[in-house]
2 protein chains.
Amino acid sequence: MAGEFDLIQWIRQQQPPRNSTLTQTGVGDDLAVLKWPADDLLLVGVDQVLEGVHFDSARHTAEQIGRKAINRNLSDCAAMGCLPAAALAAVALPAGYPIEKARQLYLGMRAAAEAFDCVIVGGDTASWDGKLAISVTILGRSAGVRPVARAGARVGDGIYVSGPLGGSILGRHINFAPRIALGRELAPLASAMIDLSDGLSRDLRHICQESRVGAVIDADLVPIHADAIELSRQDARSPLEHALHDGEDYELLYTAADEPKRGTRIGQIVADAGVWIVESNGKRIPLEAKGWEHRLG
Amino acid sequence: MAGEFDLIQWIRQQQPPRNSTLTQTGVGDDLAVLKWPADDLLLVGVDQVLEGVHFDSARHTAEQIGRKAINRNLSDCAAMGCLPAAALAAVALPAGYPIEKARQLYLGMRAAAEAFDCVIVGGDTASWDGKLAISVTILGRSAGVRPVARAGARVGDGIYVSGPLGGSILGRHINFAPRIALGRELAPLASAMIDLSDGLSRDLRHICQESRVGAVIDADLVPIHADAIELSRQDARSPLEHALHDGEDYELLYTAADEPKRGTRIGQIVADAGVWIVESNGKRIPLEAKGWEHRLG
C-alpha cells in the first residue's frame, strides 16, 4: 500500500492555508480539530458517489468524478440555505488505480470545494478489490440564516423550481453548479426546500411527507430542459416525463407563502396527502414517484 | 430502489431520543442540524470498512460489520482523547442485499455508537453493482480535554502501549472495544497518541514523522497477545513479528514525559529520525514498517 501512503502525503502537501473561520489542524492526525463559531448551527450530512450509479469511469474523468462527489454535498447545503465550511472524503480505490488518477480525483474535489470556500479537512483512502466509491461528508454553517427543513410546507404555499429539469444524464448530472447563493437568498422566504437529486416526482413527495401535506403541480408550468427534449428523441418518453422523473437536476425545489423573485412556480401545496399533476387537458391525476433512476454504463 | 427507501424510513423510526447535548433535527432533511457547544472543540474524521479488506461477509455477521464500522471511528476519538458525540454513515449495499441484513448492519452501528453516547445523526444508503462498503464520519467533542495530536512527542519521552498486540485477525479485529475512557484518562499526560490500526511498526513511525523525532523500542518489552502466539503456530512468523506488524489491535500507542499509571512502557523517543528495535541479544536494528496488512478472505 505504498502508493496509498504516498497519496496521503501528497494530499497533505496540497492543503490550502488554514480556513480563517475554523481553526484547524492538518490531516496528519486521527481527527481534524475545528473551532466551531459559537453562534453558528452546524449542519452535517454525508453522500456518496458510486461507480456505475453516479459516474462511469470509462466516460468521466477522475477530476469530474471528484467534483461531482463534492458538488452533490454542496447541493445539500444549498437546499438547507447554509454555507459549506468543511468537507471530508473517504475514497475506496480499485486495486491498481493509477496514482495520477487518484490525484486528479482529489484535485477535482478540492477545486469544487474551494469554489465555495469549503476546506477539505480530513479523509480516508483505502484500496480494495472492488469498484471506485467516494463518500463525502459536508459540514455547513447556518451563518445567520435559519436552516430550511423539508417539513415546513403549508397548505396554500406555492411550489417553485429554480431551473429547467430533465435529461441530466446527457451530461449535467456530472457537471453542475450547486445553487449555494440561491439557497442563501431563498432561505428567509422558503417554507420548505430540497435539492432535486431523485427527481421532481420523488423529491416533491419527500417535502409532502415531511410536511404532512399534499401537492398539485401543473404540467404546463414545469420548466423543461433542452436536454429533456433531446433525450425524448432517443426514447419513448416525453420531455415532461423526463423533467418529472429523471433526477440529478440539482436545481432547488421549494415552497413559499409569498412569491419569491426567483424560480418558476409549478403548483401549490394542498391539504390532501398525495401528489397530483394537472395535465394540459385539465385532468388531475396522481403523479407517480416513478423514480426510474437513470443508470450509467 | 423501494427497499432502499424502506430502510431509510425504518432507520428514522429507530432514532433514539434527541441527544441532550446537541439539539438536532431528524434524518429526514438533506443535512442534520446540530448546535455545537460553544466551549467545545469539534473533532471530525472519516474512516471506511470495505468488503475483503476490513471484513468478510461470508464470515462476519452484518451486525459485527456495523459495529466495526463505528468502533474504528470511536478508536480515533480515543486516540485524540475526545468524546464521541455524533456519527454519520454512508452505506453502499450490493444489489440484492437482504433488507434484514441491512437492518442488522444499522443495528450494529447504532449499538456500538450508543455504548458511548454517540448518536447517528445522518447517513446515505445506495445500492450498486459492487461490494459492501461503509464509510463512517465521527464528530467528537473536546469536552474539557486538550486533543492529543501525533506531533507532540519529545526526545526522552517514554513510549507506551495500552495492551497486548498481534494476531487480531483471529477475531479481535472485528470485535474490539474502543479505548475511549482510557484515551480521556491519558490525554492530559500524553505528549502524542495514536490508535494501533496499521500496526505498531507503522503507527509508531506516524508519531515520529509528525513529531520529527525517532524512536527505539525494546523487543523484550512489547506485550504479546495470546492470539499472536496462536497465529505464529500457523505460519512462519514469530509472535513478536505479529505484535509489531499485524495491525488492527485498536490499542492506544502514546508517548509521555512522565510515567503514566496505565499501559506498558516499550521504549523511548530519541532525536535521530528513524525507528529502531533493540533485540533480546542487545543488538539495535532498524524496525521496518513491514505493514503486511492482514487480508481477509
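Two strands are said to pair if DSSP finds at least two bridges between them. Helices (H or I, at least four residues) and strands (E, at least two) are DSSP runs, numbered from the N terminus. This is a predicted model, in which local features need pLDDT of at least 70 and side-chain atom pairs count only at pLDDT 80 or more, while totals for chains, interfaces and linings use all residues. Residues are numbered from 1 along each chain as its sequence is written, and chains are lettered from A and ligands numbered from 1 in the order in which they are written.

Pairing of this kind crosses from one chain to the other. Strand 2 (residues 42-50) of chain A and strand 1 of chain B run antiparallel and are joined by three bridges. Within this pairing, Val44(A) has Ala32(B) in strand 1 of chain B as its bridge partner.

The contacts between the chains can be counted with a distance rule: two residues are in contact if their C-beta atoms, placed from the backbone, lie within 7 Å. By that rule 54 residues of chain B are in contact with 54 residues of chain A. On the chain B side, the elements giving two or more residues are strand 1 (32-34), strand 2 (42-50), helix 2 (62-80), strand 3 (83-94), strand 4 (119-128), strand 5 (133-141) and strand 7 (192-195). Strand 2 of chain B gives the most, with eight residues. The residues of this side divide into 29 nonpolar, twelve polar and 13 charged, where Ala, Val, Leu, Ile, Met, Phe, Trp, Tyr, Cys and Pro count as nonpolar, Asp, Glu, Lys and Arg as charged, and the others, Gly among them, as polar.

How are the two copies related? The same surface serves both copies, since 100% of the contact residues of chain B recur in chain A.

Burial is judged by neighbour count: a residue is buried if 20 or more other C-beta atoms lie within 10 Å of its own, exposed if 12 or fewer, and partly exposed in between, with C-beta atoms placed from the backbone. A nonpolar core is a set of buried Ala, Val, Leu, Ile, Met, Phe, Trp, Tyr and Cys residues joined through C-beta atoms within 7 Å. The largest such core has 190 residues, and those with the most contacts inside it are Val44(A) and Val44(B). Apart from neighbours within four places in sequence, Val44(B) is in contact with residues of both chains, including Leu31(A), Ala32(A), Leu139(A), Thr137(B) and Leu139(B).

Chain A has seven helices and twelve strands, and 57% of its 297 residues are buried. Its strand 8 and strand 11 pair in the parallel sense over five bridges, with Asp218(A) opposite Val278(A) in strand 11. Strand 11 of chain A is also joined by three bridges to strand 12 (residues 284-286), and these two run antiparallel. Here Val278(A) stands opposite Arg284(A). The hairpin of strands 11 and 12 of chain A has five residues between the strands, and in it Gly282(A) takes a positive phi near 90°. Strand 11 of chain A has a covered face, Val275(A) and Ile277(A), and an uncovered one, Gly274(A), Trp276(A) and Val278(A).

The loop between strand 8 (214-218) and helix 6 (226-232) of chain A holds Val222(A). Val222(A) counts as buried because it has 21 C-beta neighbours inside 10 Å. Val222(A) and Leu244(A) lie 22 residues apart in sequence and 8.1 Å apart in space, C-alpha to C-alpha.

In chain B, ten of the twelve residues of helix 5 are buried, so this helix is largely enclosed by the rest of the structure. Its buried residues pack against strand 7, strand 8 (214-218), helix 7 (239-245), strand 9 (252-256) and strand 11 (274-278) of chain B. Just after helix 5 of chain B, Arg212(B) takes a positive phi of about 55°.
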